[in-house]
Amino acid sequence: MQEFIWLLPTYPLLGFLALVLTSGRLPKNIVAIIGAGSVGLSFLTAAIIAAQFLASGEDYFVKEVWTWMAVGDFTPGFNFYLDGLSLVMMLVITGVGFLIHMYATGYMADDPSYSRFFSYMNLFVAAMLMLVLGDNLVLLYLGWEGVGLCSYLLIGFWYTNPDNGYAARKAFVVTRVGDTAMALGLFLLFAELGTLNIQDMLHAAELEWEVGNGLAVAAALLLLGGAVGKSAQLPLQTWLPDAMAGPTPISALIHAATMVTAGVYLIARTHILFELAPSVQMLVAWIGLITLLLAGFIALTQSDIKRILAFSTMSQIGYMFLALGVGAWSAGIFHLMTHAFFKALLFLASGSVILSLHHEQDIFKMGALRKKLPVSFFSFLIGSLALTAFPFTSGYFSKDEILIAAHGLEGPGMIFFFGGVLGAFLTGIYTFRLFFIVFFGESKAAHPPEKEYGGWNMNGPLILLMILSLVGGFFAIPLDAVFGQHEEHHVSTLMHGFMIAVPLIGIGISAAFFYFKIWSVEKLMASSLAQTLHKFWHSGWGFDWLYDRVFVFPFLWLARINKADLVDGFYALIVEISRAANSMIVKTQTGYIRWYALSIAAGVVVLITVGVML
Amino acid sequence: MILVWLISILFVGGVIAWLSERINPNFPRLIALITVLLDLALMLTLLGAEPSSGGWVASVEADWIPRFGISFYLAADGLSVLLLLLTGFLGVIAVGSAWDEIKERSGFFYFNLLWTLAGVLGVFAALDLFLFFFFWEVMLIPMYFIIAIWGHENKNYAAMKFFIFTQVTGMLMLVSILALAYFHYVQNGVISFNYHDLLTVQTSGSLEMWIMLGFFIAFTTKLPSVPFHAWLPDAHSQAPTAGSVILAGVLLKTGAYGLIRFAVPLFPEASMSFAPIAMTLAAISILYCAKVAFAQTDIKRLIAYTSVSHMGFVTLGVYAWNEQALQGAVMTMLAHGLSAAALFMLAGGLQHRIHTRSMPDMGGFWAKVPRMAVVALFFSVAALGMPGLGNFIGEFLALLGAFQANITLTVVSAFGLILASVYSLWVIQKIFHGEYKNSEFDDSHLTDLTRREMVYFGAMMIGLVWMGMYPQSFLAMSQPVLLELLNGTEELFAAVVQN
């Protein structure tokens with residue numbers, strides 16, 4: 001069965017083609033069957049392949065399908081590579097992907113562009129699978145750009161609103177900045193190592209470059225550029241919150257569970273290269289730490305339910321980057337998986353809330369939804385607990401591993417550790433701030449919900465994701481063959497207790513403000529310093545403001561002042577000059593003999609003078 | 001002999017089409033369609049031909065003006081065949097795009113169209129430089145008429161500009177060709193315009209540079225590249241759709257072909273020392289024209305500037321002069337031929353329907369013309385270099401190869417990938433997304449793509465997917481030719497890189 005691995009992206013690709021070629025003429029239930037069914041088939045195939053692969057005991061498996069192009073030594077193929085890492089990724093993509101497709105059949109039921117929606121979704125899954133299964137960086141790049149395209153299409157899905165279009169283009173262009181760096185990284189790797197097959201390339205890198213080699217550093221930096229773009233990390237993080245303009249299932253699938261973690265996958269996949277460039281690996285950790293903290297502070301100040309979750313995603317991916325940076329490769333991927341479960345759950349549940357409230361996204365216009373929306377309530381409860389690393393939920397195990405690994409690192413390890421714990425503290429506050437405001441207190445909804453939106457096709461996935469969020473931490477994932485036996489780190493019991501307690505204190509503070517109302521936000525906000533900070537954080541630390549002024553406005557200005565094309569102006573000038581010269585010469589043709597005679601005489605005088613002088 | 005047939009069928013078909021208008025005004029388009037289809041079918045037989053020792057699948061040589069060493073020498077190898085096929089394919093598409101658009105003097109129109117195509121085929125197959133120049137001129141004059149007679153509001157200006165730019169630089173090339181033939185006479189005692197003979201001519205120093213520049217300027221005007229691109233936006237915005245299809249799809253490619261076949265191989269040393277300048281011009285073309293494109297409000301001008309930007313990757317690839325870079329240049333030529341032709345057809349189709357090219361007047365067309373929107377999205381996405389489609393293969397290979405020759409300029413050029421996404425998505429936003437706008441024009445004829453149009457676009461889409469997913473079909477044809485050209489000259493270029 002393993003040699004049928006190419007079927008994984010093929011099913012959703014066929015689904016995409018079927019939906020596009022029929023261009024909306026199919027009835028909705030057929031569209032749903034094709035859209036969700038194709039991904040379901042992929043998941044079944046993936047599950048069988050995974051079982052066989054694990055049973056075989058092999059470290060990896062390669063299936064060559066066809067040579068994409070052969071130009072000199074450059075011979076990337078449509079070849080699939082399966083090992084523990086791609087196995088986890090393909091199961092997450094098809095499994096969580098299928099649940100989200102299921103959910104979407106209900107969520108999008110009233111949308112006139114139902115078929116277009118599922119065609120994009122299917123194309124996305126196909127591209128994402130190519131990204132994680134490709135055995136070479138060019139194929140990975142194909143998937144990489146493909147998911148970026150689908151992200152663009154789906155953020156701008158409701159195209160009549162120009163704001164959505166802007167958000168979509170912003171997402172595409174900002175990530176393309178990173179993608180371009182990554183492409184340059186591929187050129188560099190090929191020029192130096194002569195292959196872009198990932199395993200061969202890593203092998204060659206180990207042979208050619210010693211640790212700290214300048215070329216290894218440059219290559220790792222360029223790949224990191226791609227990773228920070230796709231995974232919305234500093235400094236290319238600005239697109240993710242705007243990406244929430246897309247339908248909520250998209251936010252769950254693309255902007256939480258799968259695509260945004262592609263950067264984490266890329267770094268883990270090429271981890272040998274990063275080990276050869278320790279300075280870049282350290283940079284990965286710093287980027288992760290700073291992003292997770294910045295995003296945590298921003299999330300405290302947001303009022304849009306999806307934006308809070310978006311900043312939370314950014315922050316959690318920061319943890320994954322931190323894990324990669326400190327060399328805890330498996331922990332990073334583990335957190336990627338558990339995050340996919342609980343963040344998909346939170347997004348989908350927020351989708352149910354939003355629809356039940358007739359497209360209301362402001363948490364301050366919700367409240368007291370606990371009884372009215374029981375499925376959403378329990379989804380949020382479990383998702384929030386997992387997100388805040390509540391003991392024995394899935395998020396607890398993965399975040400625990402990351403923090404302990406950071407703790408064990410020499411040098412800046414303690415900064416990473418305490419920074420990570422501070423991030424967990426913030427997570428506790430902002431997550432339960434949302435939770436208490438939305439589900440407790442008084443109802444402030446303009447149109448209070450009569451009943452919870454959604455049938456079995458929406459609630460079923462939520463229930464399954466709840467289970468996964470609870471037990472996902474107990475899954476053993478087979479990554480040792482990929483990253484080597486990882487060192488067991490330990491911390492003292494006191495330290496461990498501290499790690500567990502801090503997020504709980506965060507939850508407690510949230511409860512004091514928003515549940516028990518012992519403390520009041522109004523009082524906190526009374527000082528001008530608090531207001532300034534709030535404003536600053538609410539704007540995302542002013543990054544959009546800065547980038548607009550540094551990149552966007554100058555480009556627009558340059559475009560505007562030179563719309564007519566300077567170069568064309570140069571040629572127009574030549575035309576003008578020759579015209580002017582022509583008209584001057586024409587004026588000398590007066591037709592008077594005496595004028596001509598005078599001219600000739602004057603010319604002769606000038607010539608003689610010149611002749612004499614020389 | 002087949003090459004002679006290919007060209008003469010078009011010449012004869014053109015004359016018949018012109019004459020047939022007297023019988024029925026609908027005859028010319030029918031005759032034109034039959035002619036180009038017949039030509040395309042004949043070209044396909046070239047695919048099965050056994051190549052001779054030099055890699056030529058077809059050749060024909062006859063004396064023309066023996067006194068001056070001028071012969072009627074046509075030959076085609078894999079590279080030529082690829083471009084012949086592109087010309088044949090886009091010839092069919094061009095006739096299709098003119099089908100409903102050209103009502104006036106249709107006989108003379110199709111005559112010009114077919115003669116332009118004949119000239120292009122000649123350019124891609126001529127191996128006698130005098131004959132090459134002859135065909136170079138043949139494609140120019142009918143194209144001038146197409147713009148000047150069937151063009152839009154400012155057609156005379158645009159046609160004249162096109163004519164002057166091409167004619168002046170063509171004269172420079174003629175001087176260079178004559179100089180080359182003269183040096184052959186000095187060195188060997190006989191005059192010859194034969195490509196193989198001229199390859200052996202030894203020139204050196206500044207003289208070689210000057211002669212090379214004659215070719216370079218002619219070719220980069222056609223391509224075009226900054227600073228010789230100023231004619232293109234006007235020509236494109238004024239030309240009828242079929243004219244734009246031929247112009248963007250194949251006429252520009254004659255410039256690229258000329259660089260690969262003549263400019264570099266005839267003057268390897270001069271080209272080598274000139275390569276950094278050529279690559280700099282390429283990088284400037286890519287970035288500068290992408291930026292100017294973004295500022296345009298006339299949709300055809302916008303696409304025209306993006307063409308210049310994309311052709312920059314061709315120049316970059318050619319002057320990097322290694323296998324990957326050259327294959328990238330060739331693939332860019334082919335893929336851009338389809339994508340740019342398709343985009344111009346879409347723009348032309350819109351203009352035909354709503355009589356405006358001004359993007360600020362448009363918006364929200366998706367709901368009104370969904371098929372057109374999807375097709376436009378496809379070709380925009382292809383143009384911005386989405387992997388899986390042909391343009392990506394071309395630009396990626398060109399950059400991959402160029403990186404090995406000049407890292408700085410490759411890095412600079414790569415920013416073009418970002419700008420391409422900016423302008424491509426902007427076009428989609430302005431025309432198809434947002435609220436529906438129709439205050440500035442009469443939208444009663446704003447109808448979705450017809451079945452016939454879908455056939456053309458569908459064919460071009462399949463072409464781009466094929467190029468993107470299995471480019472090997474095309475790469476394998478050009479590979480032996482490029483390796484032969486690289487043989488012996490690649491080391492020269494590589495030596496420059498080392499220094």
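Into which domains is chain A divided? The points below take this up first, for what is a predicted model.

1. Domains of chain A. Chain A is divided into domain 1, residues 155-545, and domain 2, residues 564-613. Taken over C-alpha atoms, the centres of domain 1 of chain A and domain 2 of chain A are separated by 74 Å.

2. Overall make-up of chain A. The chain has 26 helices and 2 strands. Its C-alpha trace spans about 110 × 60 × 60 Å along the principal axes. Of the 614 residues in chain A, 54% are buried. Among contacts in chain A between residues at least 6 apart in sequence, 80% join residues at least 24 apart.

3. Contact between the chains. Chain A gives 36 residues to the contact and chain B gives 40 residues. On the side of chain A that touches chain B, the elements giving two or more residues are helix H5 (137-155), helix H6 (162-193), helix H24 (543-561) and helix H25 (566-588) of chain A. H6(A) has the largest share of that side, 13 residues. By class, the side of chain A that touches chain B divides into 21 nonpolar, 8 polar and 7 charged residues.

4. Helix H1 of chain A. This helix covers residues 7-22, which is 16 residues, and reaches 22 Å from its first C-alpha to its last, close to the 22 Å expected at 1.5 Å a residue. Buried in H1(A) are A:Leu8, A:Pro9, A:Tyr11, A:Pro12, A:Gly15, A:Phe16 and A:Leu19. Seen down the axis of H1(A), these buried residues fall within an arc of 160°, so they line one face of the helix. They pack against helix H2 (28-56), helix H3 (84-107) and helix H4 (114-133) of chain A. After H1(A) comes A:Ser23, with a positive phi near 35°.

5. A:Leu322. Is this residue buried or exposed? A:Leu322 is found in helix H14 (residues 305-325) of chain A, and it counts as buried because 31 C-beta neighbours lie inside 10 Å, where 20 or more are required. Leaving aside residues up to four places away in sequence, A:Leu322 touches A:Ala285, A:Gly288, A:Leu289, A:Leu292, A:Ile402, A:Ala406, A:Phe416 and A:Gly420. The C-alpha atoms of A:Leu322 and A:Ala424, which are 102 residues apart along the chain, are separated by 13 Å.

6. Backbone points in the loops of chain A. A cis peptide bond, with omega about 0°, joins A:Leu234 and A:Pro235. A:Pro235 lies in the loop between helix H8 (214-230) and helix H9 (239-242) of chain A. A:Lys517 is not a glycine, yet has a positive phi of about 55°. A:Lys517 lies in the loop between helix H21 (493-514) and helix H22 (521-524) of chain A and is exposed, with 12 other C-beta atoms within 10 Å. A:Trp541, also not a glycine, has a positive phi of about 60°. The place of A:Trp541 is in the loop between helix H23 (528-538) and H24 of chain A; with 17 C-beta neighbours inside 10 Å, A:Trp541 counts as partly exposed.

7. Domains of chain B. Chain B is divided into domain 1 (1-266) and domain 2 (284-499), whose C-alpha centres lie 22 Å apart. The contact between them takes 35 residues from domain 1 of chain B and 42 residues from domain 2 of chain B. On the domain 1 side, the elements that give two or more residues are helix H3 (78-98), helix H9 (231-238) and helix H10 (241-266) of chain B. H10(B) gives the most to that side, with 13 residues. The side of domain 1 of chain B that touches domain 2 of chain B has 20 nonpolar, 12 polar and 3 charged residues.

8. Strand pair in chain B. Strand S1 (residues 58-65) and strand S2 (residues 70-76) of chain B run antiparallel and are joined by 7 bridges. B:Ile65 stands opposite B:Ile70 in S2(B). The hairpin of S1(B) and S2(B) has 4 residues between the strands, and in it B:Gly69 takes a positive phi near 70°.

9. Two further sites in chain B. The peptide bond from B:Val226 to B:Pro227 is cis, with omega near 5°, and B:Pro227 lies in the loop between helix H8 (205-222) and H9 of chain B. B:Asn156 is found in helix H6 (residues 155-188) of chain B and is exposed, with 12 other C-beta atoms within 10 Å. The C-alpha atoms of B:Asn156 and B:Ala235 are separated by 9.7 Å, the two residues being 79 residues apart along the chain.

Terms used
Residues are numbered from 1 along each chain as its sequence is written. Chains are lettered from A and ligands numbered from 1 in the order in which they are written. This is a predicted model: local features need pLDDT of at least 70, side-chain atom pairs count only at pLDDT 80 or more; totals for chains, interfaces and linings use all residues. Two residues are in contact if their C-beta atoms, placed from the backbone, lie within 7 Å. Ala, Val, Leu, Ile, Met, Phe, Trp, Tyr, Cys and Pro count as nonpolar, Asp, Glu, Lys and Arg as charged, and the others, Gly among them, as polar. Domain bounds come from an automatic or database domain assignment. Two strands pair if DSSP finds at least two bridges between them. The expected span of a helix is 1.5 Å times one less than its number of residues. The arc is that of the directions from the helix axis to the C-beta atoms.
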